[in-house]
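Subject: Structure handover

Hello,

Here is the structure I said I would pass on. My notes on it follow below.

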Amino acid sequence: MKRWRSARAVLIWVALALAIGVPIAAAAASEQLAWRGPVYILAGFAGIIALGLVLVQPLLIGGYLPGLPAYRGRRAHHWIGGALVVAVVIHVAGLWFTSPPDMIDALTYTSPTPFSPFGVTAMWAIFIIAVLALLRQRLGLRLRTWRIVHIPLAIVIVAGSVVHCLLIEGTMETISKVALCALVLAAAAKIMADLWRRRTLRGESVARQ
């Protein structure tokens, strides 16, 4: 039994590493990089890493990763959230440095590219959650209130990030990109279903009492 648990834990971590690492490696092998500058490349890979972190977040908060129970998972969730903000800032700053007019159009929702509004909306949702997380104690947000705010914003982040990524035809390899996006959606759907189930069971327990 212990061997099975250990093997299962290793498989889960290996699968997660492959889910994030393969798209990064495939993008690094793209021929399009030959035509890109270093800042643009850095911005692009920061975006790929950000999407990978979006996959990790629901896995942490749901306690699905071996060796990270509820308490450790929540703490790691906070740190990964900070890393996500940094990755998004690098992504946006790099694109701004390479083409300010395009970024102004994107941030003002006037860009002709279809993927821009989804990415910008996800970015603002990430920043809002980060600010609220920092000010949560000062604002006196209770757990229930925090979830009411956090969950819809998390859905916006997941949906916006996935659509943004899928619509971009860039250095990311198609199959690994689609697989990563599918895993992000599956992880988000899993945690949402589990939270709904726990809430339903808790409500039934209270009703019986």
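A residue is called buried here under 20% relative accessible area, exposed over 50%, and partly exposed in between, with a 1.4 Å probe and protein chains only. On that scale Thr174 is exposed because its relative accessibility is 52%. This is a predicted model, in which local features need pLDDT of at least 70 and side-chain atom pairs count only at pLDDT 80 or more, while totals for chains, interfaces and linings use all residues. Residues are numbered from 1 along each chain as its sequence is written, and side-chain values use heavy atoms, with hydrogens and water left out.

Helices and core

Helices are DSSP runs of H or I with at least four residues, strands are runs of E with at least two, and both are numbered from the N terminus. By a nonpolar core I mean a set of buried Ala, Val, Leu, Ile, Met, Phe, Trp, Tyr and Cys residues joined through side-chain atoms within 4.5 Å. The largest such core has 42 residues, and Leu16, Leu55, Leu84, Val88 and Val184 touch the most other members. At least two of its residues come from each of α1 (2-28), α2 (38-61), α3 (70-98), α4 (100-107), α5 (116-139), α6 (143-167) and α7 (174-208). The greatest contribution to this core is that of α2, with 10 residues.

Contact means heavy atoms within 4.5 Å. Not counting residues up to four places away in sequence, Leu16 touches Leu55, Val56, Leu59 and Leu65. Leu65 itself lies in the loop between α2 and α3 and counts as buried because its relative accessibility is 4%. With the same exclusion of residues up to four places away, Leu65 touches Ile12, Trp13, Leu16, Leu59 and Leu60. From Leu65 to Thr113, 48 residues apart along the chain, the C-alpha separation is 37 Å.

Helix lengths

The expected span of a helix is 1.5 Å times one less than its number of residues. For α2, 24 residues should span 34 Å, and the end C-alpha atoms are 35 Å apart, which agrees. The 29 residues of α3 should span 42 Å, in agreement with the 41 Å between its end C-alpha atoms.

Packing between helices

Axes are lines fitted to C-alpha atoms, for helices over the stretch in contact, and angles run from 0 to 180 degrees between N-to-C directions. Angles under 35 degrees count as roughly parallel, over 145 as roughly antiparallel, 65 to 115 as roughly perpendicular, and the rest as oblique. A crossing is left-handed if the near helix is turned anticlockwise from the far one by less than a right angle, and right-handed if clockwise.

The axes of α2 and α3 come within 8 Å and cross at roughly 160 degrees. That makes α2 roughly antiparallel to α3, and the crossing is left-handed. For α5 and α6, the axes come within 8 Å and the crossing angle is roughly 155 degrees, so these two are also roughly antiparallel to each other. The crossing of α5 and α6 is left-handed.

The axes of α3 and α4 are 5 Å apart, at an angle of about 130 degrees, and the pair is therefore oblique. Val92, Leu95, Trp96, Phe97 and Thr98 of α3 meet Pro100, Met103, Ile104 and Leu107 of α4 in this contact.

The buried residues of α3 include Gly73, Ala76, His77, Gly81, Leu84 and Val88. Buried residues of α3 pack against α2, α4, α5 and α6. Among the buried residues of α6 are Trp146, His150, Leu153, Ile157, His164 and Cys165.

Thr174 lies in α7, and its C-alpha atom is separated by 9.3 Å from that of Ala26, 148 residues apart along the chain. Ser176, also found in α7, counts as buried because its relative accessibility is 8%. Leaving aside neighbours within four places in sequence, Ser176 is in contact with Val22, Pro23 and Ala26.

Gly63, which follows α2, has a positive phi near 70 degrees. Tyr109, in the loop between α4 and α5, also has a positive phi, near 60 degrees, although this residue is not glycine. With a relative accessible area of 44%, Tyr109 is partly exposed.

Regards
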